[in-house]
Amino acid sequence: MPMLGFGTYELDDYDQCVESVKTAIETGYRHIDTAEGYDNESAVGDAIAESDVSRDELFVATKVSPDNLDYDQVLTSAEESLDRLGLDYVDLLYVHWPTGDYEADDTLEAFAELREEGLIREIGVSNFTVDLLEEAVEAAEEPIFANQVEMHPLLQQDDLREFCGQEDVDVELVAYSPIARGDVADVPELRAVAEKYDATPEQVSLAWCREKGVTAIPKATGQEHIQENWRSLGVELDKEDVAKIDNIDQEERLIDPDRAPWN
């Protein structure tokens, strides 16, 4: 899984989504993240089809919505996502939220069947707490590959990162909203580090995620921002600056619905 991906949350205008995904692929992104609930899988699929990059060079992820998480609905939902994407398989399929019809044994059994049939390459979960992830790892017949959660320097997810890194767990962490929807630009510590590297606070935030071994999937629409995020791959933070970001005394959760498992 490429450690810098392209997120498509809220890219629900068809033409804009197609153009943004095509721009991302042209820029160099090879990891594209979408979801059944984003209402843009068709646009993402069309952008992939129109690009000059072959399917086997791309890592495509999508998600099953909470209302489609019982066994039969998972199978149906996955097939419908593949139809909209115009793909024979996705590299990673997530449980979008552990709410609605989610039941660890039932839901993950269906995911395992999809993996055995070759319709998905890897099983993922999203917005799972440590307790829920531990339950999923124990219940799953096939390995849990990734947990996608909100993560950025203002929400550092220390407990989750520690748990995912345990040898008997070994789950990749994927960060959505990795630049805190632009709020990182107002954090003094990030501004200072950015100035040192002749970078932006957003690029520093993405580089910090990478230093933590976390895959970031920032969303952007315009070519300038898409390319700016890509250039974060050229920012290599030293240990002193990583520690400075680790010690930020501020916490901000941006995605916090009432149904979230931490509420």
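1. The largest cavity in this predicted model has a volume of about 40 Å³, where a cavity is a set of points, on a 1 Å grid over the protein atoms alone, at which a 1.4 Å probe fits but cannot get out. Grid points are joined across faces, edges and corners, and the volume is the space filled by probe spheres set on the points. By this rule, the count is one cavity of 30 Å³ or more.

2. The residues that line the largest cavity are Met3, Leu4, Leu206, Cys209, Arg210, Val214, Ala216 and Ser232, a lining residue being one with an atom within 4 Å of a point. Helix α8, residues 201–211, gives the most to this lining, with three residues; helices are DSSP runs of H or I with at least four residues, numbered from the N terminus.

3. Turning to the cysteines, the structure holds zero disulfides, a disulfide being a pair of cysteine sulfur atoms within 2.5 Å. Cys164 is in no disulfide, and the nearest cysteine sulfur, that of Cys209, is 14 Å away. Cys164 counts as buried at 4% relative accessibility, and Cys209, which also lines the largest cavity, is buried with a relative accessible area of 0%; buried means under 20% relative accessible area, with a 1.4 Å probe and protein chains only.

4. A remark on the basis of these values: residues are numbered from 1 along each chain as its sequence is written, and side-chain values use heavy atoms, with hydrogens and water left out. Since the model is predicted, local features need pLDDT of at least 70 and side-chain atom pairs count only at pLDDT 80 or more, while totals for chains, interfaces and linings use all residues.

Methods. On a 1 Å grid over the protein atoms alone, a cavity is a set of points where a 1.4 Å probe fits but cannot get out, and a pocket is an open set with protein on both sides within 12 Å along at least five of seven lines; lining residues have an atom within 4 Å of a point. Helices (H or I, at least four residues) and strands (E, at least two) are DSSP runs, numbered from the N terminus. Buried means under 20% relative accessible area, exposed over 50%, partly exposed in between (1.4 Å probe, protein chains only).
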